[in-house]
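Subject: Handing over a structure, with notes

Dear colleague,

I am passing on the structure below, and my notes on it follow directly after. Please read them with the structure open beside you.

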Amino acid sequence: MIHYQLRCSSEHAFDGWFKSSAAFEQQAAKGLLSCPHCGDRGVTRALMAPALARRDAAAPATAAMAPPKAVAGPHLPDQVRAVLQRLRTEIEKHCDYVGADFAAEARRIHAGESAVRPIYGEASREQAEQLAEEGIEVARIPWVPRADG
């Protein structure tokens with residue numbers, strides 16, 4: 001994963017994580033990136049200072065690889081909730097819901113036994129880990145209530 005400092009055309013600064021530099025470029029070219037502050041889709045990478053290890057300090061490798069903290073409930077920042085609501089809307093618009101059959105359908109698609117298409121549904125942490133171990137790309141996304149209801 002690559003961490004970028006991003007900036008919209010209104011000069012709002014925010015962070016983004018991407019699978020690769022190419023993934024950022026593809027998402028930006030398709031207009032899939034938007035500012036969590038104002039919704040502006042004119043998102044670019046901001047100038048970043050490289051992380052250089054100092055000779056007198058040990059590199060905090062474990063901190064860089066630590067999993068993200070869980071956030072939920074009424075303490076979820078409004079900007080984060082808005083981004084997750086927009087993500088949910090896009091997923092529901094462009095992907096097929098397969099419910100509890102998610103792991104089995106993902107395997108069928110991977111094996112060529114079912115039509116190739118984006119899907120979403122329910123999977124346990126163990127199921128998601130097994131799919132990833134099998135080389136099947138899976139993302140777990142916090143599912144927040146819709147903005148309209």
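**The hairpin and its loop**

E11 is exposed, with a relative accessible area of 54%, where exposed means over 50%, buried means under 20% and partly exposed lies in between, all with a 1.4 Å probe and protein chains only. Please keep in mind that this is a predicted model, in which local features need pLDDT of at least 70 and side-chain atom pairs count only at pLDDT 80 or more, while totals for chains, interfaces and linings use all residues. Residues are numbered from 1 along each chain as its sequence is written, and side-chain values use heavy atoms, with hydrogens and water left out.

E11 sits in the loop between strand 1 and strand 2, and its phi is near 70°, a positive value in a residue other than glycine. The hairpin that these two strands make has 5 residues between the strands. Strand 1 and strand 2 run antiparallel and are joined by 6 bridges; two strands count as paired if DSSP finds at least two bridges between them.

**The chain as a whole**

The protein chain has 5 helices and 5 strands, these being DSSP runs numbered from the N terminus, with helices (H or I) of at least four residues and strands (E) of at least two. Read from the N terminus, the order of the elements is β-β-α-β-α-α-β-α-β-α. Of its 149 residues, 23% count as buried. The accessible surface comes to about 11,000 Å², and 56% of it belongs to carbon and sulfur atoms; such areas come from the Shrake-Rupley method with a 1.4 Å probe, and for residues only the protein chains shown count as cover.

**Sheet and cores**

An open sheet is formed by 3 strands in the order 2-1-3, with antiparallel pairing. Its edge strands are strand 2 and strand 3 (44–45), each of which pairs on one side only. Strand 2 has a covered face made of F14, G16 and F18, and an uncovered one made of A13, D15 and W17. In a regular strand the side chains alternate between the two faces of the sheet.

The largest nonpolar core has 9 residues, namely Y4, L6, C8, F14, F18, F24, L33, C35 and V43. Strand 1 (2–7) and strand 2 (13–18) each supply at least two residues of this core. A nonpolar core is here a set of buried Ala, Val, Leu, Ile, Met, Phe, Trp, Tyr and Cys residues joined through side-chain atoms within 4.5 Å. Leaving aside neighbours within four places in sequence, C35 is in contact (heavy atoms within 4.5 Å) with C8, H12, F14, D40, V43 and R86.

Q85 is placed in helix 3 (residues 78–94) and counts as buried at 16% relative accessibility. Not counting residues up to four places away in sequence, Q85 touches V144, P145, R146 and A147.

Salt bridges, taken as a side-chain nitrogen of Lys or Arg within 4 Å of a carboxyl oxygen of Asp or Glu, number 10 in the whole structure. One of them joins the side chains of R88 and E92 at 2.9 Å, N to O; both residues lie in helix 3, 4 residues apart, about one turn of the helix. R88 is buried, with a relative accessible area of 12%, whereas E92 is partly exposed, at 23%. E92 also forms a salt bridge with R146, with the closest N and O atoms 2.9 Å apart. Because E92 lies in helix 3 and R146 in the segment after helix 5, the pair ties together parts that are 54 residues apart in sequence.

**Helix 4**

R108 forms a salt bridge with E105, the closest N and O atoms being 2.7 Å apart. The two are 3 residues apart in helix 4 (residues 102–111), so about one helical turn separates them. R108 is partly exposed at 28% relative accessible area, while E105 counts as buried at 7%. Both belong to a network of salt bridges that also links D96, D101 and R117.

With best wishes
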